[in-house]
Number of protein chains: 6
Amino acid sequence: MRPSGRSADEMRAISIETNYIKHAEGSVLISFGDTKVICTASVEDRLPPWMRGKGEGWVTGEYSMLPRATHTRGQREAAKGKQSGRTQEIQRLIGRSLRSVVDMKKLGEHQITLDCDVIQADGGTRTASISGAWVAMRLAVDGLLAKGAIKEDPIKGHIAAISCGIYNGTPVLDLDYIEDSSADADANFILLEGGQIAEVQATAEGATYDEEALLRLMRLARIGCDQIITAQKSALSK
Amino acid sequence: MRPSGRSADEMRAISIETNYIKHAEGSVLISFGDTKVICTASVEDRLPPWMRGKGEGWVTGEYSMLPRATHTRGQREAAKGKQSGRTQEIQRLIGRSLRSVVDMKKLGEHQITLDCDVIQADGGTRTASISGAWVAMRLAVDGLLAKGAIKEDPIKGHIAAISCGIYNGTPVLDLDYIEDSSADADANFILLEGGQIAEVQATAEGATYDEEALLRLMRLARIGCDQIITAQKSALSK
Amino acid sequence: MRPSGRSADEMRAISIETNYIKHAEGSVLISFGDTKVICTASVEDRLPPWMRGKGEGWVTGEYSMLPRATHTRGQREAAKGKQSGRTQEIQRLIGRSLRSVVDMKKLGEHQITLDCDVIQADGGTRTASISGAWVAMRLAVDGLLAKGAIKEDPIKGHIAAISCGIYNGTPVLDLDYIEDSSADADANFILLEGGQIAEVQATAEGATYDEEALLRLMRLARIGCDQIITAQKSALSK
Amino acid sequence: MRPSGRSADEMRAISIETNYIKHAEGSVLISFGDTKVICTASVEDRLPPWMRGKGEGWVTGEYSMLPRATHTRGQREAAKGKQSGRTQEIQRLIGRSLRSVVDMKKLGEHQITLDCDVIQADGGTRTASISGAWVAMRLAVDGLLAKGAIKEDPIKGHIAAISCGIYNGTPVLDLDYIEDSSADADANFILLEGGQIAEVQATAEGATYDEEALLRLMRLARIGCDQIITAQKSALSK
Amino acid sequence: MRPSGRSADEMRAISIETNYIKHAEGSVLISFGDTKVICTASVEDRLPPWMRGKGEGWVTGEYSMLPRATHTRGQREAAKGKQSGRTQEIQRLIGRSLRSVVDMKKLGEHQITLDCDVIQADGGTRTASISGAWVAMRLAVDGLLAKGAIKEDPIKGHIAAISCGIYNGTPVLDLDYIEDSSADADANFILLEGGQIAEVQATAEGATYDEEALLRLMRLARIGCDQIITAQKSALSK
Amino acid sequence: MRPSGRSADEMRAISIETNYIKHAEGSVLISFGDTKVICTASVEDRLPPWMRGKGEGWVTGEYSMLPRATHTRGQREAAKGKQSGRTQEIQRLIGRSLRSVVDMKKLGEHQITLDCDVIQADGGTRTASISGAWVAMRLAVDGLLAKGAIKEDPIKGHIAAISCGIYNGTPVLDLDYIEDSSADADANFILLEGGQIAEVQATAEGATYDEEALLRLMRLARIGCDQIITAQKSALSK
């Protein structure tokens with residue numbers, strides 16, 4: 001039995017509130033149960049130096065947690081003077097995932113920065129960030145298309161991310177914090193609409209796992225990502 | 001005429017949503033028009049080294065803005081590896097202001113950290129932070145009293161903060177971003193219920209000012225702080 | 001009674017030694033009693049990037065204390081790898097104050113950096129810094145005028161700064177370290193010749209204060225700033 | 001055809017030279033073709049603060065590249081003043097992987113730090129690091145057992161790591177730098193002797209991939225890890 | 001001919017003003033011509049962790065230049081966030097030199113920090129620092145002896161430092177900035193009263209040099225150090 | 001008697017393996033007994049900003065130790081976020097020494113960076129670094145000459161470095177770690193073929209020394225440098 005009473009293949013409630021931050025070109029507040037992340041997409045004409053003059057754009061991600069997003073207060077990274085390895089790892093994953101569905105030629109010389117700031121954490125913050133960032137990016141790109149700054153839609157399709165894990169010996173979908181803390185294995189899947197894979201990261205925590213387990217986790221992830229993509233579409237259609 | 005159409009002594013709409021972040025001992029989302037700040041109060045038993053063993057507590061503040069809280073995206077301080085002078089100045093002001101209404105003996109060996117994170121900025125973020133942090137602190141202290149961790153209420157009274165300024169030659173209350181950007185002088189007042197002053201910071205921007213102007217700004221600030229204290233009480237009574 | 005035996009409206013002895021550092025375009029050693037600050041004005045043609053090409057100049061301030069300027073040795077900020085919040089707050093105040101009396105158009109594309117280095121501290125280091133920096137700036141600008149690098153004098157007038165506070169219930173002028181450590185309120189006033197205000201910062205330390213007290217502190221500040229401006233003129237006329 | 005002329009399931013030559021650094025409790029120079037990494041295992045009695053007093057040990061990893069390990073010189077991280085996100089990600093992976101085969105209770109209050117320093121890079125540096133670090137750790141633990149510092153062997157079994165990828169449409173084993181630079185997908189597998197999985201990280205670079213491709217990469221990885229474990233055993237038996 | 005008109009073995013005027021900073025246990029303002037350094041000796045009971053509990057003391061040095069001590073303004077190291085290699089090299093030299101004349105057993109568990117802050121630079125700042133720091137240390141130790149904090153004098157004798165160099169082919173004593181900038185070789189000698197050597201650092205700048213040249217520079221250094229020690233004695237006897 | 005059984009003027013075995021790192025324009029693994037350093041020379045067309053457009057080149061050095069090069073593991077400087085004073089002092093020495101034998105005009109607008117990474121330390125790492133870096137630089141410059149990137153050989157001659165010291169009262173050549181730890185004085189000599197001096201650094205550690213001792217150390221250094229230069233020539237002739 002899961003602490004939340006959910007069945008093994010049951011997601012938490014997803015909500016996506018678009019245009020949450022008025023200054024950003026695209027923004028959402030995305031929630032997976034008690035996990036809440038503000039995702040903004042900022043469009044700038046200034047590219048990183050190594051990207052300039054190629055007629056192509058760039059997409060990058062940043063991630064942070066408010067100090068009291070978690071059960072106990074964490075020290076502010078700006079106060080410590082550096083970002084943790086965990087933060088950097090997640091930032092790199094967000095950028096890489098979103099870039100996998102963007103045609104940089106069609107984006108032209110624009111940079112889109114996806115800022116994912118967790119205001120309340122209950123497991124799955126990196127996957128919620130990616131799923132929400134896609135909507136923020138979609139809104140920002142719609143703006144560029146609407147004002148004629150780009151001609152063709154550079155976004156190739158939806159992308160969604162979800163965590164699964166082996167909890168008390170059973171593969172389960174969409175780990176919350178309690179499950180995540182004691183899972184034997186914990187896997188993040190980043191999937192495209194239609195089932196192609198952008199990234200899999202599956203890590204043994206308490207016990208190593210076998211190929212069969214990996215495949216069962218992937219099956220759960222497909223269920224979850226389908227529901228996330230439905231929620232993305234629904235949020236955009238409002 | 002003010003860009004927002006407000007009269008000279010008219011505040012923006014204030015809203016204070018309590019218990020906004022579930023993990024924090026006290027929290028609010030406070031809005032002054034389009035300025036929105038999440039304030040959390042975290043209670044810890046661990047004091048800074050120089051405060052230990054005195055039987056007294058400590059109250060401190062931290063402040064940050066999400067990168068896209070503003071019109072153009074700002075670089076993340078955690079990525080730059082240091083907090084700006086502006087951030088540190090505001091943090092010091094938040095801590096000093098809140099400490100001015102707390103009896104540290106009665107608080108006992110507890111530290112309360114007030115994290116003020118601006119999610120959307122439209123002028124007056126530091127004063128909204130202080131006004132909201134007081135409510136978050138009140139909620140956290142109520143929790144300490146309720147569970148018997150402290151015996152007597154250490155909070156001596158309300159504190160509220162507001163910015164005023166001279167805009168187009170006229171003293172006005174509660175500057176928004178457009179006004180703030182072109183004000184001749186800009187003053188932050190931190191006042192107690194009943195009118196005592198905790199801090200005044202009044203700075204000439206475009207033009208220096210005289211004593212008469214300072215007094216007129218203070219009069220506006222009293223109007224604003226009364227309304228903020230009313231909003232604090234109303235939020236807590238829900 | 002004040003520890004120094006001074007009357008409530010009595011300043012410490014002021015001395016200003018001009019051209020103290022031979023390499024600087026302008027420099028002084030300013031003393032307020034035992035508080036001693038070396039202020040240099042450095043003129044450079046290189047402006048900060050965001051100021052270039054506007055035909056205007058810029059004035060900025062930096063501040064530091066020698067490690068043993070104080071009663072107990074403080075750790076060197078260069079060794080700690082960052083400037084404290086207090087240092088940054090003071091630097092920003094110095095720059096802002098001095099800019100309030102400079103016409104940036106008339107200064108042309110020159111940057112003046114005012115370095116204020118406290119070699120011995122006994123209270124009031126930031127106000128001594130501002131009062132001394134003005135003289136250093138005046139000397140540097142005289143040099144620019146003399147060699148024809150600028151045509152019109154960009155300095156609009158004198159500026160002086162002084163701290164006042166409520167000590168043992170009495171408003172007093174020009175706090176020394178002993179008074180400052182136990183004052184109930186402590187206020188810094190930055191005033192122009194003739195009485196206009198550039199900045200007021202008045203902070204409750206032990207007890208909050210009322211409007212009447214603020215006005216009495218301002219009256220003391222006017223007495224002090226008049227004397228400082230007299231000392232500035234006298235130093236320059238030598 | 002692979003640039004090196006290797007067949008799809010062909011590894012580069014592996015060599016493992018034990019006791020390469022005389023001061024370390026365990027050390028190797030491991031080579032996968034032109035990729036060369038010095039791995040040392042350092043045993044210390046001092047645990048990180050949060051691990052002390054539990055009667056358990058800890059295993060952690062660090063990673064770096066010499067500035068000229070690569071085709072063009074990279075700036076030294078010590079000179080930049082921080083470790084890149086890539087470095088931190090790899091360090092975390094090394095520590096996590098090695099911990100998955102150690103019983104911390106049996107290790108007792110010892111910390112083993114695995115330093116992996118790449119002296120020449122040609123693809124696969126993180127997987128070579130893990131494969132080499134295991135041997136260095138084995139040597140260090142043998143030393144602890146030999147001198148009676150621990151009673152039971154805390155190492156549960158071999159661990160090996162290899163990268164595979166989809167190069168020109170074909171899944172291939174043990175990517176070298178040229179292949180890695182243009183692979184469509186690139187996956188790191190960390191496997192135990194017998195086939196259990198410690199970690200899978202499979203990332204789309206040029207094109208997303210499907211489940212079938214992931215399984216084919218895993219099959220190649222099993223071939224590679226078997227050969228690495230054979231090489232580990234052979235190096236230790238000398 | 002030297003730019004200053006001095007003969008090859010002629011020092012600049014030396015002045016040493018004792019008790020220059022009232023808070024420090026020992027202090028001087030030392031000048032070699034236009035080079036001026038404030039040296040303070042601070043006595044603390046807190047030793048660095050690795051020195052504690054041995055019944056011995058420690059002597060260490062720190063060094064900095066005010067930003068405008070030099071012809072053109074240098075960026076403040078505290079603002080850059082790190083000390084330059086040059087600064088660290090000089091600090092290490094100051095500490096090492098002063099330690100060479102102190103008996104750490106006799107000093108007992110006291111740490112003396114010698115802060116050398118250059119307020120005006122014209123060549124030879126590191127040697128002036130060492131020569132002045134010795135006097136500051138002497139004053140601080142006299143204080144410890146006077147109040148009975150230590151029983152026996154831990155200072156074994158005078159130490160003095162001077163730079164010499166080969167300027168236009170001729171060995172000269174006490175280089176000023178103009179000479180230093182174009183010297184072929186530049187050597188710092190740190191000598192004890194009586195002629196023993198604590199340190200020699202002789203560096204080819206424009207041209208390498210031979211043993212004969214080194215010996216001639218040392219002969220000049222002996223002349224200089226004798227005069228410095230005479231000045232140290234004279235300053236202390238006032 | 002020396003711990004190693006060597007006679008006073010006896011060097012440790014020197015070995016120099018050229019082309020040790022395949023990507024670098026020049027490289028060696030140099031050993032002095034158990035001290036082993038990888039030296040690479042990297043040629044870049046990008047000069048530091050202050051060197052550009054003069055038609056001249058630049059030579060610079062960097063230095064590091066692997067964490068477990070030493071008896072006990074040292075913390076990685078990249079993890080600490082800064083290079084130690086010792087590291088910076090050695091880097092500056094390497095660059096300065098190598099520059100003393102290069103004609104920057106003939107080098108043209110090329111920068112050569114000499115990276116010296118100690119993989120195993122047993123005393124004399126800085127002198128081994130300089131002696132090895134010269135060979136790496138020679139190889140890199142030979143490459144530039146071979147491909148016609150420069151016309152004339154900018155290298156003026158060999159340079160070699162060695163440490164000597166006073167151990168148990170006797171001047172000895174090429175200190176190993178045990179000797180270095182307890183030497184009374186320790187001197188590094190950087191000499192050209194033919195005997196000219198590039199740099200001498202002679203430091204009293206336990207006891208000060210006299211001119212006679214300095215000269216005897218220099219005599220030993222000449223013996224050592226002759227042998228090093230012979231080894232350099234032999235390595236290059238292979």
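Analyst: In this predicted model, helix α4 of chain D runs over residues 125–146. Its 22 residues reach 31 Å from the first C-alpha to the last, close to the 32 Å expected at 1.5 Å a residue. The helix is mostly covered, with 18 of the 22 residues buried. G148(D) follows α4(D) and has a positive phi, near 75°.

The side chains of E62(D) and R73(F) meet with N and O 3.2 Å apart. E62(D) belongs to strand β4 (residues 58–65) of chain D, while R73(F) lies in the loop between β4 (58–65) and α1 (77–80) of chain F, so the pair joins two chains. Both E62(D) and R73(F) are buried.

This bridge belongs to a total of 126 salt bridges over all chains. Another one, within chain C, pairs R6(C) with E179(C), whose closest N and O atoms are 3.7 Å apart. That pair links distant parts of the chain, 173 residues apart: R6(C) sits in the segment before β1 (14–18), and E179(C) in helix α5 (residues 177–182). Both R6(C) and E179(C) are buried. In chain A, R6(A) and E179(A) are members of a salt-bridge network that also includes R2(A), R12(A), D122(A), D174(A) and D176(A).

In chain E, K105(E) and E56(E) form a salt bridge at 3.2 Å, N to O. This pair too links distant parts of its chain, 49 residues apart, with K105(E) in helix α3 (residues 104–107) and E56(E) in the loop between β3 (35–44) and β4 (58–65). K105(E) is exposed, with a relative accessible area of 55%, whereas E56(E) counts as partly exposed at 22%.

In chain B, the rings of W50(B) and W58(B) have centres 4.9 Å apart and planes at 80°, so the pair is edge-to-face. W50(B) counts as exposed at 52% relative accessibility. The rings of W50(F) and W58(F) likewise have centres 4.9 Å apart and planes at 80°, which makes that pair edge-to-face. W58(F) is buried, with a relative accessible area of 19%.

As for the arrangement of copies, a rotation of 180° with 0.0 Å of shift along its axis superposes chain C on chain E, at an RMSD of 0.0 Å. The two copies are thus related as by a two-fold rotation axis. Of the interface residues of chain C, 100% are also interface residues in chain E, so the copies meet through the same surface.

Note on methods: Residues are numbered from 1 along each chain as its sequence is written. Chains are lettered from A and ligands numbered from 1 in the order in which they are written. This is a predicted model: local features need pLDDT of at least 70, side-chain atom pairs count only at pLDDT 80 or more; totals for chains, interfaces and linings use all residues. Side-chain values use heavy atoms; hydrogens and water are left out. Copies are superposed by least squares on the C-alpha atoms of residues with pLDDT of at least 70 in both. Contact means heavy atoms within 4.5 Å. Helices (H or I, at least four residues) and strands (E, at least two) are DSSP runs, numbered from the N terminus. The expected span of a helix is 1.5 Å times one less than its number of residues. Buried means under 20% relative accessible area, exposed over 50%, partly exposed in between (1.4 Å probe, protein chains only). Rings of Phe, Tyr and Trp (its six-membered ring) pair if their centres lie within 6.5 Å; planes under 30 degrees apart count as stacked, over 60 as edge-to-face and the rest as tilted. A salt bridge is a side-chain nitrogen of Lys or Arg within 4 Å of a carboxyl oxygen of Asp or Glu.
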